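Good morning, colleagues. Please look at the display first.

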Amino acid sequence: MKLVWGPNKKRRAATARRQHLKSAMLQLAATEIEKEAAAKEVEKQNYLAEHCPPLSLPGSMQELQELCKKLHAKIESVDEERYDTEVKLQKTTKELEDLSQKLFDLRGKFKRPPLRRVRMSADAMLRALLGSKHKVCMDLRANLKQVKKEDTEKEKDLRDVGDWRKNIEEKSGMEGRKKMFEAGES
């Protein structure tokens, strides 16, 4: 007797295997993250032990003042180093931007900066472009023609007709027929 797997069983098996692999990868990643965190903590402790010896407070006032002066000098030197590294970083980033711009120029490709949509009237645009020289007011609607709409006979008839129920009521009965007959004679 031969066992035949249907398409649903294969799909279920593949899904189960995929989920098992995914959970195994997540477990491995979690253990790696924990190891990295422990290694960083050990590295931090080693660095602090090397660069920051434990503080021993002297007993006399003069020794305490000397300690304060040493700490102050250390703080100044660290601030100078930090400032120098910040300046170097700014300089290198500026240099990197200039080089990347030159590279784009040499390749012949120009990367468009992202443009923003700005709502600006024609007057504001001219004022921005021309500055204080801008005297002309551009009111575009002022130059448009005034057009009068003339009533046509059809529109008058439609307006006069009004509600169709009123017309029906007026034409119903003897009076309505009499009005129609009189209108037909004249």
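A patch is made of residues with over 30% relative accessible area and no salt bridge, with like charges joined within 9 Å and nonpolar side chains (Val, Leu, Ile, Met, Phe, Trp, Tyr) joined within 5 Å. A salt bridge is a side-chain nitrogen of Lys or Arg within 4 Å of a carboxyl oxygen of Asp or Glu. Accessible areas come from the Shrake-Rupley method with a 1.4 Å probe, and for residues only the protein chains shown count as cover.

This is a predicted model, in which local features need pLDDT of at least 70 and side-chain atom pairs count only at pLDDT 80 or more, while totals for chains, interfaces and linings use all residues. Residues are numbered from 1 along each chain as its sequence is written, and side-chain values use heavy atoms, leaving out hydrogens and water.

The chain holds six helices and zero strands, where helices (H or I, at least four residues) and strands (E, at least two) are DSSP runs numbered from the N terminus. Of its 186 residues, 2% are buried, that is, under 20% relative accessible area, with exposed over 50% and partly exposed in between. The accessible surface is about 19600 Å², and carbon and sulfur atoms account for 58% of that surface.

Which residues form the nonpolar patch? They are Val118, Met120, Met125, Leu129 and Leu130, with about 510 Å² of accessible area together. Met120 sits in the loop between α2 and α3 (122-130), and its relative accessibility of 42% makes Met120 partly exposed.

Note on methods: Buried < 20%, exposed > 50% of the residue type's maximum accessible area, 1.4 Å probe, protein only.
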